[in-house]
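Please look at the sequence and the structure shown below, and keep both in view while reading the report that follows.

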Amino acid sequence: MSFNGFSDNTVTSTVKNSAWFPDLDTGVFQNSYRLPAEYQQGMVEEHIRLAMVWVNRQLREWKANHEAAGHNHFNEVPSEDLGDSTEHQVLYQRAVFCHAKGLLLKQFATVNRRDAASNEAKESEETEDKFMEFARDAIADILDIPRIGVEAL
């Protein structure tokens with residue numbers, strides 16, 4: 001327990017993914033993305049699942065192309081080795097975790113409603129949008145497509 005009365009325990013569980021994509025660890029998410037300790041384990045797991053659905057859909061065609069090439073699992077796809085993980089693993093995790101954090105930021109007000117506990121950095125639409133952008137960037141990096149788009153003015 002911390003001095004503020006909130007638990008400082010890390011949520012530790014594995015969120016199962018589809019058979020082709022990797023499972024993800026909630027403890028890594030909580031520690032790497034500075035998740036507020038107020039979030040219950042079930043809430044964290046559910047939002048990671050929702051993010052997995054979104055990311056897996058974004059990678060549907062990419063997955064089909066790699067399956068056609070004989071890769072039976074995400075981890076079999078050739079990728080730069082980074083020691084204890086690969087480039088694709090790091091980017092996939094980032095895409096899921098950033099999307100999940102963007103979704104979870106909307107939940108902060110429902111977790112702690114007191115005005116004194118209001119935290120614009122945890123609740124702002126701008127912060128949420130930034131995490132969604134990070135997720136889209138990670139998907140673009142996996143797909144090896146440019147992040148920059150052109151808009152008509």
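In this predicted model, the second largest pocket is lined by Trp54, Gln58, Glu133, Arg136, Asp137, Ile139, Ala140, Ile145, Pro146 and Arg147. Two elements, helix 2 (41-58) and helix 7 (125-143), each give two or more residues to this lining, and helix 7 gives the most, with five residues. Helices here are DSSP runs of H or I with at least four residues, numbered from the N terminus.

A pocket is an open set of points on a 1 Å grid over the protein atoms alone, where a 1.4 Å probe fits, with protein on both sides within 12 Å along at least five of seven lines, and lining residues have an atom within 4 Å of a point.

| helix 2 | 41-58 |
| helix 7 | 125-143 |

Helix 7 has 19 residues and reaches 27 Å from its first C-alpha to its last, close to the 27 Å expected at 1.5 Å a residue, where the expected span is 1.5 Å times one less than the number of residues. Just after helix 7, Asp144 takes a positive phi of about 60°.

Residues are numbered from 1 along each chain as its sequence is written. Local features need pLDDT of at least 70, side-chain atom pairs count only at pLDDT 80 or more, and totals for chains, interfaces and linings use all residues, while side-chain values use heavy atoms, with hydrogens and water left out.
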